[in-house]
Structures are given as C-alpha cells and as structure tokens.
Amino acid sequence: MFMRVGLFIPCYIDQFYPQVAVATLQILERSGCEVVYPLKQTCCGQPMANSGFEHLTGGCNELFIKNFAEFDYIVSPSGSCVLHIKDHLHSDQAAAPALAIRSKIYELVEFLTDILRIEKIEARFPHKVGVHQSCHGQRGLKLSQMTELMAPAFSKPERLLKLVEGIELIELDRKDECCGFGGTFCVAEEAVSVKMGKDRVTDHTLHGAEYITAADMSCLMHLEGILERQQSPLKVIHIAEILNAGRQESPSPDKFSNA
Amino acid sequence: MSANHKDHAALAGQFNKDEQRVDWHDQTLWWVRQKRDKAAHQVADWEQLRETASAIKNNTLSRLSEYLEQFEEQATRNGVTIHWAADAQEHNEIVTALLRKHKVDKIVKSKSMLTEECHLNDHLEQQGIEVVDTDLGERIVQLAGEPPSHIVLPCIHKKKEEIGELFHRHLGTPEGNADPQFLTRAARLHLREKFLTRRIAITGVNFAIAETGEFVVCTNEGNADMGAHLADVHIACMGIEKIIPERRHLGVFLRLLARSATGQPITTYSSHFRRPRKGQEMHLVLVDNGRSVQLGREAFRNSLKCIRCGACMNTCPVYRKSGGHSYHTAIAGPIGAILAPNLDMKKYADLPFASTLCGSCSNVCPVKIDIHDQLYKWRQVIVQEGNAPVAKKASMQAMNWVLSHPSVYHTAGKAGRWFMQNIPFAVNNRLNPWYKQRDMPAPPKESFGEWYKKNKSDKNK
C-alpha cells in the first residue's frame, strides 16, 4: 500500500532533538512510506491553548492545515502535540480539511501499530529500559491501558519495544504516573513539577533502568533536565531512537552535538 | 484562612520545603488509591457501574427542579421541615435562626462539606455558638484551627505525633503519647460527653431520594447517627445536586462511593433518615450556592454529578505533592479546581492551572466527570474573562505571532535561539524557574529543519 505521509515535527524536537526527528523519518521510510517534511511548519499551538489562549491559535491552525491537508496520513513523534491537533484543530475557512486532519493524524507508535501493523523491527538495543507513559499519549490517545480502569492490559509502545533485539524492559512501582512536565505548568508550578519529575526518576533508578523512554519528548526533556542536574548516569531516549537503534544509518545524538 | 492572598503555586512551594513530608503525604494517599484499585477490581462490572451512575446523575441534572419538588413534597409529607437557601449566607442564617428558636448555643455537627463550603462554623462562632465537629478527622483539624485538607480524610496532612501533641494540649492526654488507638479512645470519651449534652445536631447528606423523601448519611464512625438520635432537633444540610430520583438507584452509588473513597466495600454506616421520631424535629436545608449557575454552564454542568468521594484527589499527583491547603478552598484537588471558579472566578483563577491535565482524575471518577477536560475549558474561560496576568497575555500573543509566521520562526536564528528566548520553560536566564532544579540541553549544531534541507531537500518541490 503506497502512502504519502506528512512528517509533523513539534517545534521543540526540531530545535533541540533533531536526532529524534531523523529516527522517525528513517523508520517511516524503511516501512515503505513516502515521507515529506513540510518546511514551513512551526507549532501545533498547544502551548498557547493549554495556557488558556486557545482563541489565539487561529494562525497556527491555518498554517497547520496549509502544511498538512494534502497527505494521506500525518505522523509525529509526540503524543501530546498529536492529541492537541486531534482534539482542537479547527478553522472557519477550512472546516472540512481541519476535520479530515484530525482523523488522519497519528502519533508514531500508534501509526506503526494500527496502520502499518508492524510485526518485526530490525533494531538492537541491549539495555535495561523503563517505559514512561506520557499522559497525553496514554490517557488521551489510548496507547496503553490505564491503571485506573478495570479493563484488560495492553501497551502499544511496549509491544513495539519487545520486538527490539537485546532490550530488557524493567517494572515500575507506578506504571503510569505523570512526570509533572505539563507545558507551562513546569515553570508556573516549579516546585510540584520538579518533585513529580524527581519521583518518576527515582522509580526508574530503583528498578535498575539505564534508559527512560517515552513516546513524548517533552516529558523526557523535563526528566533529562532533572537527571542532568543530579548528575545521574540514567539517560533518556525517545522510543523512535530505540526502534531505529543499532543500524548503520541511525544518527547518534552526538552527530548533532555542539559540544 | 490567612493564606488566601497566595496562589496554589506559592502555597505548594511552601509545602514542598519539607520534602520528606511531601513523600509521606504522597505515599499515604497513593496507598489509598491502591486500596481503591483493589476494591474496584473485585466488582465484575466496575466500568459499567460507573457508566450507570453517570447516566442516573445526567438524568437527575436534566430534571433537577422536578426531582427537588418531588423530594420536598415527599419529605414534607414525612414530617420533615424543608428550607431553601439561595446561597451560603442564607443557609447560615436559616441554621442560626433554628438554633436561636430553640435557645441553643452549643451543638454537635457530623461531616458536611456543604457547611465547610458555606463557612458555617465561622458564622456560628461569630454568633457565640459553639460547634463541635464529631468526625474524628474533622475534630482534629478543628482543634488545630485549620480547615480540612481533604473532603474524605480531613486531617490526612497531620502525622500521628502532631495529633498526640494537639490532644495533649486540648484534651489533656499524656505528653508524647501518639498511639492511634489510645488517642482515638481519648477522642471517643471527649465526644461522648458532647453527644449526651447537646440538644441540636447537624449532619450532612450524601443522597436524598426524590421518590421517598428520605435522605442517606454515610459515615464510618457512626457519629452522624449518634448526634441525630440523641438530639431533640436534627438539622441536615445538603447541596441541591445530592438528589437521586429513586431508591433503587441508591445501591449503584453506595457500591461506588466507599470503594472509590477508601477502598472499603461499603461505608460502615449508611443511615436512612425518613421521618423525625416522636417529639423530635427534623429540618433539611437545601442549598443552591452557585449550583444553578453551574447547571447553566453547559461545559461545566456535569461537575454537579460529584458524590464527594475524593478519589480524584488521591490519584492526583499534583494534589498528593502539594497538599489540600494549597488549593485555598473548601473542596481541594481536581474536583475543587473545577467547582471553585464558578463561585469566584477571580479568587480561584489559579486552580484550573494547578494541573498537568494528566487525566487520571477523570478515569477514577465514579460518576465519570470529565474533570481534566473541564480544567482545560476553565482555563479558556478564565483568560477570556480577563483574569490572566497582563505579562502572560503579551508573551502569548508574541509567541503566537512568531509561530503563525514560518519565515519569522525559521529566520529567528540558529537552532534553539528563538526558542531559548521565547518559550516559557526554555528561556535561558537564571530567573527562569526551569533552571532552579533542572538543566536544558545545549541547542544542537543544526535543527531538524536545517538537516532536512541539506539531506532531503529533493523531497520538497
């Protein structure tokens, strides 16, 4: 099946974590999709909307529609940004394309699982990994079952990770507790945000993780900030990087490093 | 509440100065959440039970006035005197007038979040009337001169040593004795004397049944019963949303309430009050206090489905790590944050922002209130009605302008530069709270956009 996929790279991934975007692009291309990254994309508008300024996001919405309306699917390595588009993208001038985008945008893990139905992944990552369930991906996009509900367990990210050679997934005491990033919450409520992040990090550390992974880089950026300050050996890595690991073409973060 | 001028973030910051205490508070409430999970797992159709409860409450809210009138008619026929209060002030005046009529200046009161919401204790004390809260947790915070920090577990923020100290000062227990069983016995003796000597008892109401005119009060300590049965006059106070249509609906809620609240299969006492016993007076005050306004707000009306179980607080990581008092309102936590702005949008403008919108609250809610979606919606209303700080508004407008203009965004500098200057958490300056306990990654050599243009530009025409 030939698919034209629009690659939506959230602004902070574009600016700070280009290796995550490259990994996403390479996974999609290897899966047989024709992938295009529209160069004029900026941001989904979530930072404004979650701060109570959704009424200012008209410009972002129009731009998003212009950039992405033409594709069969839109895929992004961020559950949070995808959820924002799914729930809130709207336009008076382009109502129908906006609605269409809302139903054809996918977070990377759910696209690989539900649309491409990936059963095999050629990647190798011989490390102990803890999976952080990003709330918007989990409770919003339903990437995994939620511990609050009395319903059968499943986890799309874990199913994919288990296809990676050499990986060992660790157990956690609190499987799906929020990390405390929360957009502007992370600065507006600094004390609680950091405490939540520290407690997540401790859970992973106590269970022997070498890496924390997630389908959302924003949670990981927050946790990484705490780990760096603590000078912890524990590292963060986006799930796309693991699913693309151990291959010749995989870019290492060092490739982009300024240091 | 002297801390009213401080917002949630500031109060939570204070609470977080003692990290060990935060850990203890967090773990205590997480343990309650885990008890809830276990209890819910034992009910085969838990999710269906939630759906049923939600449907009953939706029906109730859609015909609230009819059910209230039906209830009034039935209760009146049963011999209960019904009072209607438009707001907290009127509620407090009705109660005061009843006490005056009976020349009573000392009363007992069992747990009632409505009377907390109306600040009844303060009001009565100003009138020279002594109120003794008979729920153990409430009595503890009352002795400490504090409001409850949790709607089901009012003194969950207090350690047993602090309670021992409080009892030593107020009830004369030996100094340094913090044995829970011993302290409970001391409280029991202290309260027994109050129960036996007070002629008027106030209780809350968990459910009022339109069909029969009876009301149900749930307690674990039997203190509502003890008060009501020993008193000459029983005054029950309830918010108008506590109504349910029929008696057969009660089982749905009783099965959900205790499991959601504390993980118990059932509350120890679920007492039905239908008519006053011979020689007793029974009054019921039905209070609106903003509820009909909330009913008229389409996006927020279903917050009135709440049965006050507190499950959203126990699961909320922000609540667990900031403490109930940081919400500076009678009902803390996620549910409080969507109820309070209806009462005073300016005063409680901070509360809908005291959340990461993680959504755990909506998942545990036994009546399926979309709490986290309503938090998002309140943020929009609060900003649109002019309650956002001016600086925040200006920065949002500037950010929006750049993000709407790709040419500006992409020429604003090399990777990370614009971002570091404008995105709230990334702003690279030591005053930014991000950097107090966190670092930011160094911006990379090139952004993904720059990499793509170099390596893949053939893809874009």
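This is a predicted model: local features need pLDDT of at least 70, side-chain atom pairs count only at pLDDT 80 or more; totals for chains, interfaces and linings use all residues.
Mentor: Two strands pair if DSSP finds at least two bridges between them; strands are DSSP runs of E with at least two residues, helices are runs of H or I with at least four, and numbering starts from the N terminus. Residues are numbered from 1 along each chain as its sequence is written, while chains are lettered from A and ligands numbered from 1 in the order in which they are written.

Trainee: What makes strand β5 of chain A pair with β6(A)?

Mentor: Two bridges join β5 (residues 128–131) to β6(A); at least two are required, so the strands pair. They run parallel, and A:Val129 stands opposite A:Leu169 in β6(A).

Trainee: Why are β6 and β8 of chain A called edge strands?

Mentor: The open sheet has four strands in the order β6-β5-β7-β8 (chain A), with parallel pairing. β6 (168–169) and β8 (235–238) of chain A each pair on one side only.

Trainee: Why is B:Asp26 counted as buried?

Mentor: A residue is buried at 20 or more other C-beta atoms within 10 Å of its own, exposed at 12 or fewer, and partly exposed in between, with C-beta atoms placed from the backbone. B:Asp26 has 20 such neighbours, so it counts as buried. B:Asp26 lies in helix α2 (residues 19–41) of chain B.

Trainee: With which residues is B:Asp26 in contact, leaving aside its neighbours within four places in sequence?

Mentor: B:Asp26 is in contact (C-beta atoms, placed from the backbone, within 7 Å) with B:Arg320 and B:Lys321.

Definitions and conventions: Two residues are in contact if their C-beta atoms, placed from the backbone, lie within 7 Å.
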